[in-house]
Amino acid sequence: MRPDQPEGDSSRDVLPPEDLGEGEEDYADARGLPQPARRRDASMTLLTSMLERPLDPGYQAAADARLAQGLPASTGTRRVRLLVALLLIGLMIGVSTAALRDRDGARSAARADLIRQIEERQSVVDERDTTVRSLQQEVDAATARLDPDLVGTRREELEARRVASGLAAVSGPGLRITLDDAPGTGTTADGDPRTGLQDEGRVQSRDMQLVTNGLWAAGAEAIAINGQRLTSRTAIRFAGEAILVNFRPLTRPYTIEAVGDPTQMQTTFAESPAGSYLNGLRNNYGIQTSLTTQDDLELPSAVNVNTREAEVVPDGEPTPRVTPMKKETS
């Protein structure tokens, strides 16, 4: 011991800062003595403290105090409450799932029953349509036998009027136009085929109207769509996701058949706005279209053609104005 240093003075153990290694200043004690080497995971103190001391210090102190009093570290009530809450939540989820499953099953059963009824009644309507057409042919034959005047010059006039009104089935050469949705086109919930980009490729009722009007203007004598004969009272419109003609839903593809001079109709139709519109459907929306000439087409007669009021117009007099009824009943 140096004579100028009092006994018990520990200042001799103090190291100057320049003698400490890099980063050892924080590990030196109050006397300046360096502590053990720095831990390798010193930069991850937060993760280290979470792993070594997962319990919050306040909770840990409370647990130590309970242990010191001879009591368990935790009362355990929360664990029981948590278990009961989980059981109740699981029970509620199970009951809700079972209720939803039963509801879906009831809806599926009701939907299947409705589809079955629609198919049965549709088949009955088809059978009655066939019967009506057969009876109409018998009526025509009987009328020709009873009235001799119909065999003469008025026979041709009557047949022309019956063809124009759709009461008679026709056959002969003509055009066949087929329309179908673009590949990959989906359906929509509201039934509008132009509500989204993915539905622009669907054929809609307006397309059918423009094409059929173009065929009439091109000289068609009779037109049918998927076997449904067009008359002066025919409506082509949308109902949900389906196109209706004569109030009958059509299925894809949509086939339009027109009886008339095929060469003249094809040329006139191609030069008309309807022909340009048909090309635009194919080029702009990807709708599948085809137009071909046919040597022999057979178009059925219309079934739901009827008149409310009719009178003979003498030759030379103007045709009276027709006022549509506000409400018609079958």
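Is Arg116 buried, partly exposed or exposed? Arg116 is partly exposed, with a relative accessible area of 39%. For the cut-offs, buried means under 20% relative accessible area, exposed means over 50%, and partly exposed is in between, with a 1.4 Å probe and protein chains only.

Before I go on, a word on the source. This is a predicted model, in which local features need pLDDT of at least 70 and side-chain atom pairs count only at pLDDT 80 or more, while totals for chains, interfaces and linings use all residues. Residues are numbered from 1 along each chain as its sequence is written, and side-chain values use heavy atoms, with hydrogens and water left out.

I start with the salt bridges. The term stands for a side-chain nitrogen of Lys or Arg within 4 Å of a carboxyl oxygen of Asp or Glu. The structure holds six of them. Arg116 takes part in a network of salt bridges with Asp113 and Glu120. With Asp113 the N to O distance is 2.5 Å, and with Glu120 it is 3.0 Å. Asp113 and Arg116 both lie in helix α3, residues 77-146, and are three residues apart, about one turn of the helix. Glu120 and Arg116 are four residues apart in α3, again about one turn. Helices here are DSSP runs of H or I with at least four residues, strands are runs of E with at least two, and both are numbered from the N terminus. Asp113 is partly exposed at 29%, and Glu120 is partly exposed at 42%.

Another salt bridge joins Arg252 and Asp180, with the closest N and O atoms 2.7 Å apart. Arg252 sits in the loop between β6 (248-249) and β7 (254-259), and Asp180 in strand β1 (residues 170-180), so the pair ties together parts that are 72 residues apart in sequence. Arg252 is partly exposed at 48% relative accessibility, whereas Asp180 is buried at 15%.

Next, the sheet. Three strands form an open sheet in the order β4-β5-β6, with antiparallel pairing. Strands β4 (236-239) and β6 are at the edges with a single partner strand each, so one side of each has no neighbour in the sheet. Two strands pair if DSSP finds at least two bridges between them. Strand β5, residues 242-245, pairs with β6 over two bridges, and Val245 has Arg248 of β6 as its bridge partner. Helix α5, residues 205-217, packs on the sheet and touches β4 and β5, and its direction makes about 175° with that of β4. Contact means heavy atoms within 4.5 Å. Axes are lines fitted to C-alpha atoms, for helices over the stretch in contact, and angles run from 0 to 180 degrees between N-to-C directions.

Last, helix α6. Which residues of α6 are buried? In α6, residues 262-271, they are Pro262, Met265 and Phe269. Seen down the axis of α6, these buried residues fall within an arc of 65°, so they line one face of the helix. That arc is taken from the directions from the helix axis to the C-beta atoms. On the other side of α6, Thr263, Ala270 and Glu271 are exposed. The cover over the buried residues includes β1, α5, β7, α7 (273-285) and β8 (288-299).
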